[in-house]
Amino acid sequence: MLNFDTSELRNVIRDELESRRLSAGPGDYAYEKGSHEGRLYGTTGAANLYAELGFDFGDFEARRTWCERINRFQTADGIF
């Protein structure tokens, strides 16, 4: 079995995520670099990368904030 060190990849992705961060709040990411607008794809894309690469989502309150931020994109008819 081939061992693969993902630390460099994880660092590059973490740096990219930080460049898209809109605020210090959990899950507050822009979809496009340089954008000042939070969008569904920025937040859910960051959540996917956090989960896939084992990044820490934070404590219970931080995880709740991630969920609330994503759910805010849902319209009254249930569509995201």
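Exposed here means over 50% relative accessible area, and partly exposed sits between that and the buried cut-off of under 20%. The model is a predicted one.

Q: Why is Tyr-41 called exposed?
A: Its relative accessibility is 58%.

Q: What makes Tyr-31 partly exposed?
A: The relative accessible area of Tyr-31 is 43%.

Q: Why is the pair of Tyr-31 and Tyr-41 called tilted?
A: The ring centres are 5.9 Å apart, and the limit for pairing is within 6.5 Å, so the two rings pair. The planes meet at 55°; stacked needs under 30 degrees and edge-to-face over 60, so tilted it is. This pair ties together distant parts of the chain, with Tyr-31 in the loop between α1 (7-19) and α2, and Tyr-41 in helix α2. Their C-alpha atoms are 5.8 Å apart, at 10 residues of separation in sequence.

Q: How do you know that the charged end of Arg-14 sits over the ring of Phe-55?
A: It is 3.9 Å from the ring centre, and the distance limit is within 6 Å. Phe-55 also belongs to a cluster linked by ring pairs, together with Tyr-29, Tyr-50, Phe-57 and Trp-66.

Notes: Residues numbered from 1 in each chain as written. Predicted model: local features only at pLDDT ≥ 70, side-chain atom pairs only at ≥ 80, totals over all residues. Heavy atoms only, no water. Buried < 20%, exposed > 50% of the residue type's maximum accessible area, 1.4 Å probe, protein only. Phe/Tyr/Trp six-rings, centres within 6.5 Å; stacked < 30°, edge-to-face > 60°. Helix = DSSP H or I, 4+ residues; strand = E, 2+ residues; numbered from the N terminus. Lys NZ or Arg CZ within 6 Å of the ring centre and 35° of its normal.
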